[in-house]
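Here are my notes on this one, written as I went through it. Have the model open beside you as you read.

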Amino acid sequence: MGERRPFPGRRVLLGVTGGVAAYKSIELARRLAQAGALVDTVLTPAACDFVTPLAFEAVTGRAPYLARWAPGDALRHIRLAREVEAVVVAPATADFLARAAAGRADDLLGAVLLATRVPALLCPAMNDRMFEHPATQANLERVRALGYQVLGPSIGPLAWGEGEGPGRMVEPEEIVAHLARVLERPSLAGRRVLVTAGPTREAIDPVRFVSNRSSGRMGYALAEVAWRRGAAVTLVSGPTALPPPVGVELVRVETAAAMAEAVAAHLPAADVLVMAAAPADFRPAAPAAAKLTKEDGLPPPLAWALTADILQSTRPLRRPDTRVVGFALETADDALARARAKLEAKGLDLVVLNRADEADSGFDTETNRVTVIDAAGRVDRWPLLPKAEVAERLWDRIEELLP
Ligand code: CTP
């Protein structure tokens, strides 16, 4: 993980209350600790019926707190409330929500919540009927009004014999992502960002298509970082194998024409457009209506048609204060000049040049070596970096351009 990720050295308090989802909180604690966070766990007595303090100490390296106070640590709740930077309660049972809604302080977790002023995420987990009960719903409304962020529950399999319903704790991965957003400097808060990613597919016949090697990683990383920094993010994605980024509105498209349509629909609201996708430049002019078969012999040579240049087509849709970032994928020697020409021709504020002829850079790689050129002619050459770090730096650069 890059040094600028939000977790290294950050103090997080993990409250675990008594529900079966507590087994997943061990995984949550492990992920946070591996991301560099200093995790203090507070277990309620009921939580200890499901999981042991030992498990949390083993994955966090820090002894969990069970009691309200201890000799020499009489004001434990005040100390923890001051020291930590975020609180996450996972799972948050129906009983815990009732207690938090009432502001109870007769156990350590309740007392810390009252005494602290840092953000708190509550992750409810319970039986679906308990969740739907008006008492629980009222408690949820109350804790939201008190300023706690409520994550989930999601719909899915519940405890044994209970089938599926709303009440499942959100997955540790998702909790980690939300906690990262809470701990991050919200430099893009209030901004709307539109990112495109991935390749497109252009049909040859109903089962075959022309595409390219784009994995979508660069665009997904850009969407993730923008959301973590507080932006509302729409990600228009061609077909990729990547998991949907947490918190991001994902619009899946297949063809360049569909991508153009989705971009046109979302651009008017966007403050920034980052076109990291690799839409096709050409498509088969007349896709066959039925599957081409061997019986008909070799198919005729493909006739090609140009697709719309999406960046070009957005020019009339941009507001004067919309910032637009494009990529340029080059293999030629005059890459820099070609990238500059694209910046000019497509009316960009920044163009990100990457080479398609380097093994560890460009398409379908984990890393990227890019050169960033702005409209004023400034050229920044960055070293080979993980795409996640390229995304961090790019947003630093884009933020400089925002009005
Ligand atoms: N792009 C686009 N619509 C297309 C093709 C590309 O909006 N149909 C965008 C890409 O997302 C990228 C930028 O244009 O941000 C440059 O893409 P690139 O493939 O490098 O350049 P092209 O304009 O397609 O020119 P060429 O392939 O001929 O170099």
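1. Which polar backbone atom is 2.8 Å from an oxygen atom of the ligand? One belonging to A277. Keep in mind that this is a predicted model, where local features need pLDDT of at least 70 and side-chain atom pairs count only at pLDDT 80 or more, while totals for chains, interfaces and linings use all residues. Residues are numbered from 1 along each chain as its sequence is written, and side-chain values use heavy atoms, with hydrogens and water left out.

2. L311 has a backbone N or O atom 2.8 Å from a ligand oxygen, and a polar backbone atom of L329 lies 3.1 Å from an oxygen of the ligand. (A polar contact here is a pair of N or O atoms within 3.5 Å; within protein, one must be able to donate a hydrogen and the other to accept it, and residues adjacent in sequence count only if both atoms are side-chain atoms.) On its own the ligand has 570 Å² of accessible area, and the protein covers 79% of that (Shrake-Rupley method, 1.4 Å probe).

3. Now the shell. The ligand is surrounded by 17 residues, with A277, L311, F327, K342 and K346 the closest (near means a heavy atom within 4 Å). They split into 10 nonpolar, 2 polar and 5 charged, with Gly counted as polar. Elements giving two or more residues are α12 (310-313), β16 (323-330) and α13 (335-345); β16 has the largest share, at 4 residues. Helices are DSSP runs of H or I with at least four residues, strands runs of E with at least two.

4. Elsewhere, look at the open sheet of 5 strands: its order is β2-β1-β3-β4-β5, and the pairing is parallel. At the edges sit β2 (38-43) and β5 (149-150), each pairing on one side only. Strands β1 (residues 11-16) and β3 (residues 86-92) run parallel and are joined by 4 bridges; pairing requires at least two DSSP bridges. L13 has V87 in β3 as its bridge partner.

5. Two peptide bonds deserve a look. The one from A90 to P91 is cis, with omega near -5°, and P91 lies in strand β3. G152 and P153 are also joined by a cis peptide bond, with omega about 5°; P153 is placed in the loop between β5 and β6 (154-157).
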